[in-house]
Amino acid sequence: MGLNTTPSQTVGPFFSFGLTTEKCCVRNIANPQAKGERVVLTCRVLDGDGVGLPDAMVEIWQADAQGIYNHPDDPQHKTCDPACAGFGRMGTTEDGVCKFETIRPGRVAGPNGVDQAPHLNVVIFARGMLKQLYTRIYFSGDPANQNDPALSLVPPERRDTLMAKPDPAHPGHWSFDLRLQGEKETVFFDV
């Protein structure tokens, strides 16, 4: 009897079993009672060839509609909307897609007191990556994007990689492509 080589798993062989099962997934970042504009966000995680990754995981952290994080370390010391958990985690489907139900976040105070544009903080885990990637999702067309301190650090020609696009056929639905490399690679931040 011979031994066969098994595939390499840089994120561990039990990644999808432990972190992306239904019991570990959090699709509803904000429940229907949350204050604010309802949003359905469809994310696609794509490799360098534009093919969806079937075994990635996307985590989202966000503020509520008033710009308050549901976290004890939020420096504002204000009461957050209890209907907005501010956290979501989904594994991708066979075509690299995951969907979240949430609300459009409010503006959060940034460095030097400058308010940040409404955004979602995103962490991506996937095969072949030894460390997770960090990025943000902004809403295309939001006038606050022009003065966002983090977005202003990104070269203008790359900012579009951080924009969710509205679906004109479905009001309240937005889509966002997370391109891990190649043409139109998403801007990732050092944290």
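The strands here, like the helices, are DSSP runs numbered from the N terminus, with at least two residues of type E for a strand and at least four of type H or I for a helix. The model is a predicted one, in which local features need pLDDT of at least 70 and side-chain atom pairs count only at pLDDT 80 or more, while totals for chains, interfaces and linings use all residues. Residues are numbered from 1 along each chain as its sequence is written, and side-chain values use heavy atoms, with hydrogens and water left out.

Now widen the selection to the strands themselves. β6 and β7 run parallel over 2 bridges, where pairing requires that DSSP finds at least two bridges between two strands. On to β8, residues 173-179, which pairs with β7 in the antiparallel sense, again over 2 bridges; here P166 stands opposite W174. Between β7 and β8 the hairpin has 6 residues, and within the hairpin G172 takes a positive phi near 85°.

Next, show the aromatic side chains, for a search of the whole structure finds 2 aromatic pairs. Rings of Phe, Tyr and Trp (for Trp, its six-membered ring) pair if their centres lie within 6.5 Å, and planes under 30 degrees apart count as stacked, over 60 as edge-to-face and the rest as tilted. The rings of W61 and F87 have centres 4.5 Å apart and planes at 55°, so this pair is tilted. It links W61 in strand β2 (residues 57-61) with F87 in strand β3 (residues 87-91), 26 residues apart. F87, at 18% relative accessibility, counts as buried (under 20% relative accessible area, with exposed over 50% and partly exposed in between, using a 1.4 Å probe and protein chains only), whereas W61 is partly exposed at 38%.

F139 lies in β6 and W174 in β8, so the pair ties together parts that are 35 residues apart in sequence. F139 is buried at 1% relative accessibility, and W174 is buried at 8%.

Finally, select T161, in the loop between β6 (133-139) and β7 (163-166). T161 counts as buried at 13% relative accessibility, and among the residues that T161 touches, not counting those up to four places away in sequence, are F176, K184 and V187, contact meaning heavy atoms within 4.5 Å.
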